[in-house]
Amino acid sequence: KRSKTMVQKKGKKGGKKVAAAPLAVKKMVPQKVVNPLFEKRPRNFSIGQDIQPKRDLSRFVRWPKYIRLQRQKAVLQTRLKVPPPINQFTSCLDKQTATQLFKLMDKYRPETKEAKKERLKARAAEKAEGKTDA
């Protein structure tokens, strides 16, 4: 029995050479003027070394419930499609339409206790005079 082993072919060592970039005018980068009075002192923030810088932790604050609710509501409203019969309640009426609506609703308002009392007294008076109820 012979064991079959795969032999890898070795590639060429040189390979293709990339063409050199054309000789272009190199831009002169102005070096920053370093003030010798201020020396750099890099800080090391690893354990037991320098104090960590203050970070913005506002994202991790426990916000009040009403703020969380209004933010969640805003996110949901942007992501969900609301059917028109429900969506009509998201905006309020203009003043003219609102006054028309309130006038109409005023006609169908349930009677107050005083109005009911007066109506029943008038009905009782008619009954006492001898007129029959309709």
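**Helices, salt bridges and a nonpolar patch**

Helices here are DSSP runs of H or I with at least four residues, strands are runs of E with at least two, and both are numbered from the N terminus. The model is a predicted one, so local features need pLDDT of at least 70 and side-chain atom pairs count only at pLDDT 80 or more, while totals for chains, interfaces and linings use all residues. Residues are numbered from 1 along each chain as its sequence is written, and side-chain values use heavy atoms, with hydrogens and water left out.

As for the overall build, the protein has 4 helices and 0 strands, which reads as α-α-α-α along the sequence. Helix 4 has 17 residues and stretches 25 Å from its first C-alpha to its last. That is close to the expected 24 Å, the expected span being 1.5 Å times one less than the number of residues. The predictor's confidence in each residue, pLDDT, runs from 0 to 100. Its mean over the protein is 86, and 85% of the residues reach 70 or more. Confidence is lowest in helix 2 (residues 84–87), with a mean of 90, and highest in helix 3, at 96.

Next comes the surface. Accessible areas come from the Shrake-Rupley method with a 1.4 Å probe, and for residues only the protein chains shown count as cover. The total for the protein is about 16,000 Å², with 58% of that belonging to carbon and sulfur atoms.

Two salt bridges turn up in the structure (a side-chain nitrogen of Lys or Arg within 4 Å of a carboxyl oxygen of Asp or Glu). One joins Arg 109 to Asp 106, with the closest N and O atoms 3.4 Å apart. Arg 109 counts as exposed because its relative accessibility is 59%, whereas Asp 106, at 43%, is partly exposed. The other pairs Arg 119 with Glu 111 at 2.8 Å, N to O. Arg 119 is partly exposed at 39%, and so is Glu 111 at 44%.

There is also a nonpolar patch on the surface, made of Leu 93, Leu 101, Phe 102, Leu 104, Met 105 and Tyr 108, with about 670 Å² of accessible area together. Patches take residues with over 30% relative accessible area and no salt bridge, joining like charges within 9 Å and nonpolar side chains (Val, Leu, Ile, Met, Phe, Trp, Tyr) within 5 Å. Tyr 108 sits in the loop between helix 3 (95–107) and helix 4 (113–129), and counts as exposed because its relative accessibility is 67%.

Definitions and conventions: Buried means under 20% relative accessible area, exposed over 50%, partly exposed in between (1.4 Å probe, protein chains only).
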